[in-house]
Amino acid sequence: PIYAIQSWLSLRYHEARLYIDILRDLYEAYVIQSFLYYLMELLGGEDTLVQLLQEKDAYYGNHPGFFKFFFPSWEMGYDFMINCKHGVIQYVVVKIIGTILTAILEPIGLFNEGDISWTKGYVYISFMINLSQMWALYCLVKFYHATHDDLNEWRPMGKFLCIKGVVFFTWWQGVALAVVKSHGMMPDIGQWDMDDVANGVQDYLICVEMFCFAIAHSFTFTYKEYLPSRRGVAGGGITRGNSAEADGRDHDGEISLDYTEFRPPVIRTLNTPMGFRDAFWSSTVPNETLNDIRRFRTGALDQSPNQSSDIGMLRNVSIQHAESV
């Protein structure tokens, strides 16, 4: 709904489109990092995730193709988790910087969206954001590749495609329309010049596409995954008890249909339910992201858990954020 509402507002008040789009751009970055944090919570949080990754084959930490000539292998465990997290969070920072630069350059005529010119900022900002997006996507793919067996019960592929489709597909769609416009293939319509028409087409397409994505989200992020009928399903790294108990079998090997001992997914929650206001703000204000950015800047996340004095980063991740997830 955020994308659809923003696009409708851009159509209705197209003179203020640039500044309305800034809100969507910032929200895109927030969606990406929230998805990674969501997957981590499904796996039991950072402590459990580190232990889970340490049991994985070192192969998952190797880089394919030409990447291996530029980046060292990631050691499975804390190093792997931090590099994946850093790869996603850097996109948040780059997206914010690119959004601010766009807001500064556009009013003075130095941005020119869709204009492939070395004297305008569009080429440089688009390249910077695109490179950052590709690295963030690469880190998410590596994270998924290493943990897909443990996330299998949560149908991670559908979730992954939905989130990436919303963010990356709409961005590339905007780039394609900007290129079409730059080649003079977008006509003027009424009082709208080709710039307004290209932007209007993008916003209209997003309004329609978000309806389709909403249907897909209702299936991939369904509430049914949390019903008692899925007792014991906790995504690999969370369920570490007896395997027979984990898949619903009793000690004699028979299938048990007794659901009275429902064990929900071990996702960290509060002892008491949150109020609406607290739940709303904890899921809206990216406190955990801001804390992680601060720690990356100071180098606290570059230390292993045994070396870091800030062990609370692993053990005391925002419980409110976990509850909102």
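Let's start at M157, a residue that lies in helix α6. The model you are looking at is a predicted one. With a relative accessibility of 39%, M157 counts as partly exposed, because that value falls between the 20% and 50% cut-offs.

Now zoom out to the whole protein. Of the 325 residues in the protein, 44% are buried.

Helix α6, where we found M157, spans residues 156-182 and has α2 as a packing neighbour: the two axes come within 10 Å and cross at roughly 165°. That angle makes α2 roughly antiparallel to α6, since angles over 145 degrees count that way. The crossing of these two helices is left-handed.

Helix α4 covers residues 78-105 and helix α5 covers residues 121-147; their axes lie 9 Å apart, and the packing angle is about 160°. Here too the angle explains the label, so α4 is roughly antiparallel to α5. The way α4 passes α5 is again a left-handed crossing. What kinds of residues make up this contact? Sorted by type, there are 16 nonpolar, eight polar and two charged residues where α4 meets α5.

The structure holds 15 aromatic pairs. A pair of aromatic rings is described by the distance of the centres and the angle of the planes. Take Y3 and Y27 as an example: the ring centres are 6.0 Å apart and the planes stand at 65°, so this pair is edge-to-face. The pair links distant parts of the chain, with Y3 in helix α1 (residues 2-12) and Y27 in helix α2 (residues 17-42), 24 residues apart. Are these two tyrosines buried or exposed? Y3 has a relative accessibility of 4% and therefore counts as buried, while Y27, at 30%, counts as partly exposed.

Other rings come together as a group. Ring pairs join F66, F67, F70, F71, W74, F80, W135 and Y138 into a cluster. One member of that cluster, W74, also has a charge over its ring: the charged end of K142 sits there, 5.7 Å from the ring centre. You can find another lysine placed over a ring at K159, which lies over the face of F221 at 5.4 Å from the ring centre.

Methods:
Residues numbered from 1 in each chain as written. Predicted model: local features only at pLDDT ≥ 70, side-chain atom pairs only at ≥ 80, totals over all residues. Heavy atoms only, no water. Axes fitted to C-alpha atoms, helices over the stretch in contact; angles between N-to-C directions. Helix = DSSP H or I, 4+ residues; strand = E, 2+ residues; numbered from the N terminus. Parallel < 35°, antiparallel > 145°, perpendicular 65-115°, else oblique. Left-handed = near helix turned anticlockwise from the far one by under 90°. Nonpolar A, V, L, I, M, F, W, Y, C, P; charged D, E, K, R; others polar. Phe/Tyr/Trp six-rings, centres within 6.5 Å; stacked < 30°, edge-to-face > 60°. Buried < 20%, exposed > 50% of the residue type's maximum accessible area, 1.4 Å probe, protein only. Lys NZ or Arg CZ within 6 Å of the ring centre and 35° of its normal.
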